[in-house]
Amino acid sequence: MQTLSLSHRDELAVIEPSILYFGTPVALIGTCNEDNTPNLAPMSSVWWLGWRAVLGLAVASKTTHNMLRAGECVINLPSQDMVDAVDRIARTTGTDPVPPGKASRGYRYEKRKFETAGLTAVNGEIVAAPRVLECPVQLEARVENIHEMAVRDPDWAGRSRAIEVRIVRVHANQSILMEGEANRIDPDKWRPLIMSFQQFYGLAPDKLRHSTLGEIPEQSYRPPNARMG
Ligand SMILES: Cc1cc2nc3c(=O)[nH]c(=O)nc-3n(C[C@H](O)[C@H](O)[C@H](O)COP(=O)(O)O)c2cc1C
């Protein structure tokens with residue numbers, strides 16, 4: 001273990017931030033309500049491993065209820081130019097009445113999320129959950145596993161779930177595909193919307209430098225002779 005130089009030690013402070021949202025892509029989760037109407041919710045606690053994703057969601061959300069009941073959803077990824085649409089459905093919920101924790105933060109009940117956002121719902125091809133036509137990436141997904149978060153913490157237990165889903169179909173707008181490649185997203189063309197500490201950002205326009213990891217052919221991550229999902 002290296003001892004920090006004096007100057008570094010002076011720069012660091014032990015802090016207790018209320019949130020640790022250091023910056024992740026925004027996803028719009030499309031789910032189907034009990035009455036077959038569509039619900040849509042912005043979230044950003046999402047990460048991927050292979051054709052799996054894990055979504056961190058509040059138990060009090062309509063999205064969580066719908067996912068646990070129906071076992072499916074669509075993870076729609078907005079590009080940074082869709083930020084206004086995303087913001088129009090911030091602080092809304094499909095739960096009526098609004099749960100107390102959300103009411104105290106100024107949330108309102110909104111049944112017509114798509115209309116409020118100005119976005120277009122299209123049916124999933126495999127799952128019965130709505131895709132967002134305007135999103136350049138739409139990932140149809142099935143729930144595989146549910147992890148209860150913070151079970152040993154009396155203040156946080158029961159409030160949130162980490163939901164593992166399996167991606168069963170990927171829809172991508174042709175405009176973000178790599179030239180001459182049917183199955184590759186071009187990261188120079190894909191401009192995800194990022195949320196960092198409750199604020200919206202985009203990515204810098206160009207690569208920062210050559211990537212050593214990027215020397216590994218993307219094809220090598222494809223499972224051999226297996227369905228991707
Ligand atoms: C940019 C953004 C990111 C969000 N990220 C999350 C998240 O990762 N997990 C979560 O549970 N809620 C997140 N929220 C809050 C949900 O959108 C909120 O709980 C909403 O009421 C869910 O809608 P629903 O109740 O209709 O499912 C986020 C909101 C915004 C605007």
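Predicted model: local features only at pLDDT ≥ 70, side-chain atom pairs only at ≥ 80, totals over all residues.

**The ligand and the sheet**

Strand β3 gives the most to the shell around the ligand, with 4 residues. β3 spans residues 38-43. It is one of several elements that each supply at least two residues of this shell. The others are β5 (52-58), α2 (62-70) and β7 (92-93).

In total, 21 residues surround the ligand. The closest are P42, T63, T93, K102 and K113. By class, the shell splits into 9 nonpolar, 9 polar and 3 charged residues.

A polar side-chain atom of K102 sits 2.7 Å from an oxygen atom of the ligand. The backbone takes part as well: a polar backbone atom of A58 is 2.9 Å from a ligand oxygen. From N39, an N or O atom in the side chain lies 3.0 Å from an oxygen atom of the ligand. How much of the ligand does the protein bury? Taken alone, the ligand exposes 640 Å², and the protein buries 87% of that.

Next, the sheet. It is open and has 7 strands, in the order β3-β2-β6-β11-β12-β5-β4. The pairing is antiparallel. Which strands stand at the edges? They are β3 and β4 (46-49). Each has a single partner strand, so one side of each is left without a neighbour in the sheet. On average, neighbouring strands of this sheet are turned by 30 degrees against each other, direction ignored.

β2 covers residues 27-32, and β6 covers residues 72-77. These two strands pair in the antiparallel sense over 3 bridges. Here G30 stands opposite V74 in β6.

Then comes the step from β6 to β11. This antiparallel pairing runs over 6 bridges. Across it, N76 stands opposite Q138 in β11.

How many bridges join β11 to β12? There are 11, and the two strands run antiparallel. In this pair, E140 stands opposite R169 in β12.

Last, the helix. α2 lies across β2, β3, β5, β6, β11 (137-148) and β12 (160-172). Its direction is about 55 degrees to β2. Helix α2 also returns us to the ligand, as it supplies at least two residues of the shell.

Definitions and conventions
Residues numbered from 1 in each chain as written. Heavy atoms only, no water. Near = heavy atom within 4 Å. Polar contact = N/O pair within 3.5 Å; in protein donor to acceptor, adjacent residues only side chain to side chain. Areas by Shrake-Rupley, 256 points an atom, 1.4 Å probe, with all protein chains shown as cover. Nonpolar A, V, L, I, M, F, W, Y, C, P; charged D, E, K, R; others polar. Pairing = 2+ DSSP bridges. Axes fitted to C-alpha atoms, helices over the stretch in contact; angles between N-to-C directions. Contact = heavy atoms within 4.5 Å.
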